[in-house]
Amino acid sequence: MTNRPALKTVLFDLDGTLVDTAPDLSETLNRLLVRHQQPICSLESVRPYVSHGTIGMLGFAFGITKDDPEFAQLRQEFLEIYENHLCYQSKLFDDMDGVLKFIEEQNLLWGVVTNKPDFLTQPLMQKLSLNQRCACIVSGDTLAKNKPDPAPMFYAAKLAGCEASECIYVGDAERDIEAGRRAGMHTLIARYGYIKNDDDPDQWQADGNLDHPAELIDWLCNCKAIV
């Protein structure tokens, strides 16, 4: 943490870090399973796969990969269902609103960098009344490349009016930490998010870990990162 510029912007992954979207995504998956006459899955069994998007969730529920012939059609059906069930149960993680208020009170900026498609990201942020509060929203298809490529991280920093080295990125997937590190950002793992049992966050080389969103406040204060 030494010899780094002062922090100006806190960037979050969306699903599993900023917002608990698993209930709506699990419901979407189960509607798709019923449509195809397959047994439904419990929320807790689906939750660890949510951060891996449709590849992870469809792979878990249908036992397929993105290279299987039926994947593209299932993905399209999934997205159509989800678009109509985007924010029935999704909400900020517990105490996350307090974290955002703290960030704002310190005259820091915050934003979102997600691999979620923009046609889903923007409505979700609007429904949660977050779109007017954040400095930037970078979706999975905003640029030609997405995480783990660092391009979205650099773009988010540019939108926020700062350097990537003046940002911290919080995420719950290895690609989040990889993208942040490659961009030269501080990185923190949201261990409260959608992490699979066979994941090994200790190997992701992040600057720190958060077992609860409120710990981000302690981290900022303890590291004297507030300007």
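Student: Which residue is the bridge partner of Tyr169 in strand 7?
Tutor: In general, strands of a sheet pair through backbone hydrogen bonds, either parallel or antiparallel. Here, Thr187 in strand 7 is the bridge partner of Tyr169. This is a predicted model, where local features need pLDDT of at least 70, side-chain atom pairs count only at pLDDT 80 or more, and totals for chains, interfaces and linings use all residues. Residues are numbered from 1 along each chain as its sequence is written, and side-chain values use heavy atoms, leaving out hydrogens and water.

Student: Over how many bridges do strand 6 and strand 7 pair?
Tutor: Two strands pair if DSSP finds at least two bridges between them. Strand 6 (residues 167-171) and strand 7 (residues 186-190) pair over four bridges, in the parallel sense. Strands (E, at least two residues) and helices (H or I, at least four) are DSSP runs, numbered from the N terminus.

Student: What packs on the sheet?
Tutor: Helix 7 (residues 151-160) does, touching strand 1 (9-12), strand 4 (109-113), strand 5 and strand 6; contact means heavy atoms within 4.5 Å.

Student: And where is the cis peptide bond?
Tutor: Between Lys147 and Pro148, with omega at about 20°. Pro148 sits in the loop between strand 5 and helix 7.

Student: Is Gln37 buried or exposed?
Tutor: Buried means under 20% relative accessible area, exposed over 50%, partly exposed in between (1.4 Å probe, protein chains only). Gln37 has 74%, so it's exposed. Its phi is near 55°, a positive value in a residue other than glycine.

Conventions: Axes fitted to C-alpha atoms, helices over the stretch in contact; angles between N-to-C directions.
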